[in-house]
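Work through the exercises below with the sequence and coordinates open. Each task is followed by a solution in steps.

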Amino acid sequence: MNLITGCAGFIGFHLAKKLLIKKKTVIGIDSLDSYYSKDLKFTRLRILKKFKNFHFKKIDLKNFKLTYNFIKKKNINCIFHLAAQPGVRVSHKNPINTLNQNIISFINVIEIARIKNVKKFIYASSSSVYGETKVYPFTENDNKNTPISVYGASKFCNEILAKSYSKNFKMKCFGLRFFTVYGPYGRPDMAYYNFLDSLRNNKPIKVFNRGIMKRDFTYIDDVINGIIEVYNLKGKNKYEVLNIGKGKPDNLMDMINQLQKYYKKKFKIKYTNTIPNGDIKKTFSNTQKAKKLINWYPKTNLAEGIKNFVQWYKIYYGIKR
Ligand SMILES: NC(=O)c1ccc[n+]([C@@H]2O[C@H](COP(=O)([O-])OP(=O)(O)OC[C@H]3O[C@@H](n4cnc5c(N)ncnc54)[C@H](O)[C@@H]3O)[C@@H](O)[C@H]2O)c1
């Protein structure tokens, strides 16, 4: 059995679906928080519930007792801990919420993994653990890079905790640093999704730093393949932190142009010179370690990924054009 926390979320949903298609049993936990549209979370859950090997429980992982009581009699081989409060900007609007969600929940889940002797603990970290470095690409063992956002700090804290659990309790812990994951059933708070919402509602979009930003946009199917490779990884590795990023940053304006092209409508753009606190101008993943360790090669370019996203978006919102 496999446990996925945050299974009603964007990445958790796609991972659960992939494992269920592979005939694995998946236990999913999610608190169904209201950070963004619950409708989207319910839609994802409805799809997962069509599989008979999927078992869902609504739990807030901050509650150790409830979480432990639910899991204690289950024979779980692997935990994928994806539940979190994502997002840099929201971590500065409400830092205590991000810290509670991302640190207390993490401690509870890794502690349950220890008590239950779970064979593998795979958890979501983030490119945000790399601070404002000017050293590209971002490389896993570059210790000079430290987070500048509260969100990044919460994820860095997860990595430190996982390292100590792995060392002291001989647990296999894999931290995956995701880089701007996008695609169908995505997260409405992220720019690529949020921009289309504005376009649909005839509202202008705000583009920071006059659009001079780069992101290592990584398509969801590639990310899921990477997670599955880590899940299948045999061998002695006890503690690893791994970049899961495309390794080819794209200009923000290219992403905007692809959205316009496939949606077939022009954006009204309000440019600003500023960048929100904690945001950085460029993310760029070094993919060497993922290639070596799990033989992972992201395959989807931005045009293809955005095309798939826009196609899904139009169907989901019933847009005929
Ligand atoms: N999407 C990205 O680009 C990206 C990039 C870097 C890291 N990450 C990390 O990957 C993970 C998954 O991200 P996502 O994009 O799918 O986010 P998401 O918000 O879509 O999914 C997270 C899910 O976790 C649930 N959740 C939050 N707190 C919970 C709690 N206390 N108990 C139970 N459930 C809880 C939420 O209801 C949500 O459904 C997160 O840890 C995120 O920080 C994502």
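**Exercise 1: Cys-7**

Cys-7 sits in the loop that joins strand 1 to helix 1; helices (H or I, at least four residues) and strands (E, at least two) are DSSP runs, numbered from the N terminus. The model is predicted, so local features need pLDDT of at least 70 and side-chain atom pairs count only at pLDDT 80 or more, while totals for chains, interfaces and linings use all residues. Residues are numbered from 1 along each chain as its sequence is written, and side-chain values use heavy atoms, with hydrogens and water left out.

Task: decide whether Cys-7 is buried or exposed, and find which residues it is in contact with.

Solution. Step 1: buried means under 20% relative accessible area, exposed over 50%, and partly exposed in between (1.4 Å probe, protein chains only). Cys-7 has 0% relative accessibility and therefore counts as buried. Step 2: contact means heavy atoms within 4.5 Å. With neighbours within four places in sequence left aside, the contacts of Cys-7 include Gly-12, Phe-13, Asp-30, Leu-45 and Phe-56. Step 3: the C-alpha atoms of Cys-7 and Ile-27 are 8.7 Å apart, at a separation of 20 residues along the chain.

**Exercise 2: His-55**

Task: assign His-55 to an element and find what it touches.

Solution. Step 1: His-55 belongs to strand 3. Step 2: its relative accessibility is 39%, so His-55 counts as partly exposed. Step 3: not counting residues up to four places away in sequence, His-55 touches Thr-25, Val-26, Ile-27 and Gly-28. Step 4: a distance of 4.8 Å separates the C-alpha atoms of His-55 and Ile-27, which are 28 residues apart along the chain.

**Exercise 3: helix 3**

Task: list the buried residues of helix 3 and state what they pack against.

Solution. Step 1: in helix 3 (residues 64-71), Thr-67, Phe-70 and Ile-71 are buried. Step 2: these residues lie on the same side of helix 3 because they cover an arc of only 90° around the axis, the arc being that of the directions from the helix axis to the C-beta atoms. Step 3: their packing partners are strand 1 (2-5), strand 2 (26-30), strand 3 (54-58) and helix 5. Step 4: at the N-terminal end, Asn-63 caps helix 3, with a side-chain oxygen 3.2 Å from the backbone nitrogen of Lys-65.

**Exercise 4: the ligand**

Task: describe the residues that surround the ligand and how much of its accessible area the protein covers.

Solution. Step 1: the ligand is surrounded by 30 residues, each with a heavy atom within 4 Å of it. The closest are Asp-30, Tyr-36, Tyr-151, Lys-155 and Val-181. Step 2: by class, the shell has 16 nonpolar, 8 polar and 6 charged residues. Ala, Val, Leu, Ile, Met, Phe, Trp, Tyr, Cys and Pro count as nonpolar, Asp, Glu, Lys and Arg as charged, and the others, Gly among them, as polar. Step 3: strand 5 gives the most to the shell, with 3 residues. Step 4: a polar side-chain atom of Lys-155 lies 2.8 Å from a ligand oxygen atom, and a backbone N or O atom of Phe-10 lies 2.9 Å from an oxygen atom of the ligand. Step 5: of the 820 Å² of accessible area that the ligand has on its own, the protein covers 98% (Shrake-Rupley method, 1.4 Å probe).

Methods. Polar contact = N/O pair within 3.5 Å; in protein donor to acceptor, adjacent residues only side chain to side chain.
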